[in-house]
Amino acid sequence: MRYPEPAAILISHLLPPPRTLIALLARGLGEHAELSPEYRVQNVPTRLILAWIFERHSYATVRPLSPLTRSTQMWKVVWLEKTWVSGVRKDALELELVSLAKLSLYIFIKLKEVSEELKMWLPNTKLDIEELEKSLRIIQRVGMSESLASPIPASAKVYTREELKLKGQEGWINTYCPLNWLKYTPLQGLKADLLVHLSLLRTPVIHPSEIVKHRLEKEAFILPLSRKELLQRGRRYEYFEPITLNVSTKPELTIVSLPDGCHTVLPSSFIRGD
């Protein structure tokens, strides 16, 4: 997933940011319900309404399941308008690519709150556990056509709140986590600024038309990755291995685990359904 800022070098996130994950689910529901993304309700496109509803009542994270590599490609481009860098016209850009075999995406949702707001804004769109699973399975691809990730529909699984196991404020995690959720910065892992969704913002977004003001906001995260180097045929290669992180959360948060082995951090109030 690329950073959205315009530049001659397109930089990619090492792991998909939380906002991207929730956008996938919102898109899946829109496709399943056959909603036109540009159809307007109160002069707001449906795609923004779905994003606003899901982002306010969800948290998302990623668990890498294989090593990652990062490389670059040079693309020949035709600019739609004059672009000058240091007085020289550029006809190429550098694209950063991240490659890996597999990762798991986790989206935690307050299903009741999402369903109620969907009824208010999009009355013909319903969401229950069955519809949620269908929305996850309908997604066919992730990313732009030149560099795709392929979801595995059969692996889409919906867990209930009862299946979450509370592990307390001290322990280990294997997903990324906002740094400001932790008492201390872990000794291992990589720091990265990721695009965040609305539930991570300090100021509430009370109307879907306001969502566009916050599309470039980022927060510092700790990623469960360790940077490694491999020397092969006289050439040095960089790669990243998945690791677990020993963490201590702030009082209002807790470590939770899922049956598939995921360990992550969530707000205690979110788990209680406050």
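This is a predicted model: local features need pLDDT of at least 70, side-chain atom pairs count only at pLDDT 80 or more; totals for chains, interfaces and linings use all residues.
View 1. When the lining of the second largest pocket is divided by residue class, nine of its residues are nonpolar, two are polar and three are charged.

**View 2. The largest cavity and the elements around it.** The count of cavities of 30 Å³ or more comes to one, and the largest cavity has a volume of about 80 Å³. Its lining is made up of 14 residues, of which Ala60, Thr61, Pro178, Trp181 and Val265 are the closest to the centre of the cavity. Two or more residues of this lining come from each of strand S4 (58–64), S12 and S19. By class, eleven residues in the lining of the largest cavity are nonpolar and three are polar, while no charged residues take part.

**View 3. The open sheet with the order S12-S14-S13.** Three strands form this open sheet, and their pairing is antiparallel. Strand S12 (177–178) and strand S13 (190–195) each have a single partner strand and stand at the edges, so one side of each is left without a neighbour in the sheet. S12 is joined by two bridges to strand S14 (residues 218–223), and these two strands run antiparallel. Within this pair, Cys177 has Ile222 of S14 as its bridge partner.

**View 4. The open sheet with the order S10-S18-S19.** This open sheet is likewise built from three strands with antiparallel pairing. Its edges are strand S10 (165–168) and strand S19 (263–267), and because each has a single partner strand, one side of each is left without a neighbour in the sheet. Neighbouring strands of this sheet are turned against each other by 45 degrees on average, with direction ignored. Three bridges pair S10 with strand S18 (residues 253–257) in the antiparallel sense, and Ser257 in S18 is the bridge partner of Lys165.

**View 5. Two buried cysteines, Cys177 and Cys262.** Cys177 has a relative accessibility of 1% and therefore counts as buried, and Cys262, at 0% relative accessibility, counts as buried as well. With a disulfide taken as a pair of cysteine sulfur atoms within 2.5 Å, the count comes to zero disulfides.

Note on methods
Residues are numbered from 1 along each chain as its sequence is written. Side-chain values use heavy atoms; hydrogens and water are left out. Buried means under 20% relative accessible area, exposed over 50%, partly exposed in between (1.4 Å probe, protein chains only). Ala, Val, Leu, Ile, Met, Phe, Trp, Tyr, Cys and Pro count as nonpolar, Asp, Glu, Lys and Arg as charged, and the others, Gly among them, as polar. Two strands pair if DSSP finds at least two bridges between them. Helices (H or I, at least four residues) and strands (E, at least two) are DSSP runs, numbered from the N terminus. Axes are lines fitted to C-alpha atoms, for helices over the stretch in contact, and angles run from 0 to 180 degrees between N-to-C directions. On a 1 Å grid over the protein atoms alone, a cavity is a set of points where a 1.4 Å probe fits but cannot get out, and a pocket is an open set with protein on both sides within 12 Å along at least five of seven lines; lining residues have an atom within 4 Å of a point. Grid points are joined across faces, edges and corners, and a volume is the space filled by probe spheres set on the points.
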